[in-house]
Amino acid sequence: MKALLPALTRFMPVMMVIFLILASIQAAVALHLSGGMFVRFLSWAREAYLPLAGISALTVLCGIIFETHSEKLIRKGLRRRRGILMDSLARLTNRDMLEALMAQEQRETTLDAEELAAALRARVIGQDQVCEDIAQQLRRRLALHVRNKPVGIFLMAGPPGTGKTYLAKQIARQMERPLLHFDMTQMSSPHAATQLFGSPKGYVGSDTFGKLTGGLQEKPDAVVLLDEIEKAHPDVFKKFLTAWNDGHVTEASTGAQISTTRAIFFLTSNIATEELTEIADRLPDDAERMRAESTEALRKAGFAPEVLNRLDRIFVFRRLHGLDLARVAALEIEAMIKGYGLSVEAGGIDAHLLFQLLQRQQKLGTGASARDLVRSIEDMVSESLILARQNGAKLVRLIMTDNGVIAEIAEEKQALNARLIP
């Protein structure tokens with residue numbers, strides 16, 4: 001019986017025509033209509049033949065057009081005029097805002113690499129080539145519509161204090177993505193994986209999600225920053241391999257699989273600093289060869305091979321020198337002063353102080369970063385900054401004296417005049 005249904009459906013128009021003819025004959029017999037009356041009716045309605053034929057032809061043409069475009073209409077959905085039927089989105093939510101959010105997501109898939117690179121170069125000092133390379137990689141990977149792994153898995157390697165962590169944070173800020181930041185030095189034990197991926201049922205903490213799985217469930221498009229990844233325990237590494245290979249992580253407490261395909265992973269490492277610095281200085285204009293030699297250097301230094309095999313790119317940060325180091329030191333000092341609730345006067349950091357920092361850096365060689373030197377300054381001037389704040393100061397300047405660095409209170413009016421005078 002089911003096999004007959006398609007055939008009956010196809011012959012339905014013919015059956016309707018036969019039914020109409022039989023119904024017309026039955027009506028004529030019931031009304032006692034003769035053939036002569038039918039002929040006279042046709043003669044009387046002769047003037048209406050042409051308009052009726054035109055209407056019929058137009059109806060047939062409309063039917064053909066509808067049949068031809070029916071698939072497109074089905075895909076687009078039936079469009080009704082707003083006056084007849086209100087759109088459910090307009091009735092239940094803010095449709096304009098929803099369309100704007102969808103348009104913003106579409107724009108993100110076509111990232112402006114030059115604009116992102118310029119914004120990163122303006123904030124991350126001394127790493128212009130890295131900023132440009134990362135912006136290009138993000139543009140290419142976000143443009144992919146089909147992928148079963150994260151947007152990118154990038155390793156940022158190089159000496160400490162060169163801006164690796166800061167660059168990842170700036171990328172999250174410039175791309176308007178949430179940041180999930182994890183210090184992997186705290187993941188050195190085999191049980192540390194439960195902090196990120198949750199605890200199995202029956203164990204302590206199984207009633208809450210892990211920090212990584214819970215974060216990605218709420219913010220699937222996050223920038224995940226894994227600081228000093230080489231210090232994590234191998235068991236923690238194994239958990240990440242699934243996230244990078246299969247495009248999901250498993251929450252241990254529920255067994256739920258949480259997608260990682262919209263996330264961007266940044267790993268930082270201080271391993272093999274001397275080797276990577278030498279490679280970066282020797283091959284500044286050969287990016288492919290620099291990445292190949294950097295991978296081999298990391299492998300020889302003991303970096304987990306299973307992680308290296310899953311990296312999309314390795315970016316080598318160069319050690320800061322000269323004015324670049326002075327810029328970083330000045331910014332760190334400014335951040336330190338703001339941490340005490342104060343602001344630094346324009347030109348308020350003594351040049352002799354920065355020069356001494358550069359000299360100390362040269363003497364220490366690779367043993368200290370700009371941040372380490374700034375911390376020693378904080379130990380020297382913290383008491384002066386506290387006293388200045390207690391005395392109602394808002395602006396201060398740091399002066400280098402024979403007895404060390406002191407914080408002087410700056411007058412706001414004098415600071416404004418200094419900025420106005422060319």
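I take buried to mean under 20% relative accessible area. The model I am reading is predicted.

**Entry: Gly-404**

I looked up Gly-404 and found it in strand E10, residues 404-410. Is Gly-404 buried or exposed? Its relative accessible area is 12%, and the cut-off for buried is 20%, so Gly-404 counts as buried. Setting aside neighbours within four places in sequence, I noted contacts of Gly-404 with Met-380 and Ile-399. I also checked Ile-377: it is 27 residues from Gly-404 in sequence, and the two C-alpha atoms are 9.2 Å apart.

**Entry: confidence**

I noted a mean pLDDT of 78 for the protein, with 80% of its residues at 70 or more. Two stretches I marked for caution. Residues 77-86 have pLDDT below 50, and the model gives this stretch 3 contacts beyond near neighbours in sequence. Residues 413-422 are also below 50, with 4 such contacts.

**Entry: nonpolar cores**

Which residues have the most contacts inside the largest nonpolar core? I listed Met-184, Leu-226, Phe-240, Trp-244 and Leu-267, in a core of 45 residues. Helix H12 (residues 234-245) contributes the most to this core, 6 residues. I then followed Met-184: beyond four places in sequence, its contacts include Leu-196, Leu-226, Ile-229, Val-236 and Phe-240. Another core lies apart from the largest one; it has 26 residues, including Ala-117, Val-130, Ala-135 and Ala-168.

**Entry: helix H8**

Helix H8 covers residues 128-142, 15 residues in all. From first C-alpha to last I read 21 Å, close to the expected 21 Å. Its buried residues include Val-130, Cys-131, Ile-134, Ala-135, Leu-138 and Leu-142; Gln-137 and Arg-141 are buried as well. Where do the buried residues of H8 fall, seen down its axis? They keep within an arc of 165 degrees, and therefore line one face of the helix.

**Entry: aromatic rings**

I counted 5 aromatic pairs. One of them joins Phe-154 and Phe-266, tilted, with centres 5.5 Å apart and 40 degrees between the planes. Phe-154 sits in strand E1 (residues 152-157) and Phe-266 in strand E6 (residues 264-269), so I logged a link between distant parts of the chain, 112 residues apart. Phe-154 is buried at 0% relative accessible area, and Phe-266 is buried at 0%. I also noted one aromatic cluster, formed by Phe-197, Phe-240, Trp-244 and Phe-265.

Key: Residues are numbered from 1 along each chain as its sequence is written. This is a predicted model: local features need pLDDT of at least 70, side-chain atom pairs count only at pLDDT 80 or more; totals for chains, interfaces and linings use all residues. Side-chain values use heavy atoms; hydrogens and water are left out. pLDDT is the predictor's confidence in each residue, from 0 to 100. Contact means heavy atoms within 4.5 Å. A nonpolar core is a set of buried Ala, Val, Leu, Ile, Met, Phe, Trp, Tyr and Cys residues joined through side-chain atoms within 4.5 Å. Buried means under 20% relative accessible area, exposed over 50%, partly exposed in between (1.4 Å probe, protein chains only). Helices (H or I, at least four residues) and strands (E, at least two) are DSSP runs, numbered from the N terminus. The expected span of a helix is 1.5 Å times one less than its number of residues. The arc is that of the directions from the helix axis to the C-beta atoms. Rings of Phe, Tyr and Trp (its six-membered ring) pair if their centres lie within 6.5 Å; planes under 30 degrees apart count as stacked, over 60 as edge-to-face and the rest as tilted.
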